[in-house]
Amino acid sequence: MASNLVESVQQKLNVEELQKINPDTGKLIDADKSSDKFYQLAIPAVLTGLYSFTRIDEKNRDVLNMDAGNLLLSVFGENKDSIIAKIAAISGTPINDANDKLQEIGTVTISVLKESLYEKSQDSDVKDLLTRQRHNILLYLDPALQLGNYIKDNTVDDSTNKMEGPVSDLMHKIGQIFSESGNDKKEEV
């Protein structure tokens, strides 16, 4: 099982190590280390989108069987093009290249999820895995994307979800327990 989905996807794509975001400044913690700006934005965005998507049980069942070509549309819906455009603009990547690279990230992400789960996984296993990884994913999510506005979950942009340390870690564990108990199910609009 992948202990860190962000790192697993990054390694499978063979891209530079992603950097965590400082929750106080919204900037890379180790700005001296280089990382590809596109992947720094895109990998956490796709994983955050999948996390949000799996909050609805009917959709959760489809993730592992999802066609990677339709992943972005399935996960981000009508906001897909806006999200691609924003990632392209912030990273300085041509929009067609951004679309192709995001599709590749989707394909690799589905592959990593399948490798991370047992062969006889239950429908809720993808949701549970992404719930356990939520905090780690958010550590890399750039606030400049304002992804919460697109996926209708402003908690992903809240800097308190990106803090680390003994007290913060305890609070994240408590939040995870409530999430796993089914208290965070959204109703489909």
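Biologist: Why does N14 count as exposed?

Modeller: Its relative accessibility is 70%, and exposed means over 50% (buried is under 20%, partly exposed lies in between; 1.4 Å probe, protein chains only). So N14 lands in the exposed class. By the way, this is a predicted model, where local features need pLDDT of at least 70, side-chain atom pairs count only at pLDDT 80 or more, and totals for chains, interfaces and linings use all residues. Residues are numbered from 1 along each chain as its sequence is written, and side-chain values use heavy atoms, with hydrogens and water left out.

Biologist: Where is N14 found, and what is its phi?

Modeller: N14 is in the loop between α1 (5–13) and α2 (37–53), where helices are DSSP runs of H or I with at least four residues, strands are runs of E with at least two, and numbering starts at the N terminus. Phi of N14 is near 60 degrees, a positive value in a residue other than glycine. Most residues other than glycine have a negative phi.

Biologist: And K152, why does that count as exposed?

Modeller: K152 comes out at 65% relative accessibility, so it passes the cut-off and counts as exposed. K152 also has a positive phi, about 55 degrees, without being a glycine, and it belongs to the loop between α8 (147–151) and α9 (166–183).

Biologist: What makes Q103 count as buried?

Modeller: Q103 has 18% relative accessibility, so it falls in the buried class. Q103 is part of helix α6. Leaving out residues up to four places away in sequence, Q103 touches A68, G69 and L72, a contact being heavy atoms within 4.5 Å.

Biologist: Why is the pair of F38 and Y39 called edge-to-face?

Modeller: Rings of Phe, Tyr and Trp (its six-membered ring) pair if their centres lie within 6.5 Å; planes under 30 degrees apart are stacked, over 60 edge-to-face, and the rest tilted. F38 and Y39 are 5.3 Å apart centre to centre with 85 degrees between the planes, so the edge-to-face label follows from the cut-offs. It is the one aromatic pair in the structure, and F38 and Y39 are both buried.

Biologist: How do you know that the charged end of K101 sits over the ring of F38?

Modeller: The rule wants NZ of Lys or CZ of Arg within 6 Å of the ring centre and within 35 degrees of the ring normal. The charged end of K101 is 5.2 Å from the centre of the F38 ring and is listed as sitting over it.

Biologist: Which residues touch the most other members of the largest nonpolar core?

Modeller: I43, I87, L102 and I105, in a core of 47 residues. A nonpolar core is a set of buried Ala, Val, Leu, Ile, Met, Phe, Trp, Tyr and Cys residues joined through side-chain atoms within 4.5 Å. The biggest giver to this core is α2, with eleven residues. L102 touches F38, A42, V46, L72, I84 and I87, again not counting residues up to four places away in sequence.
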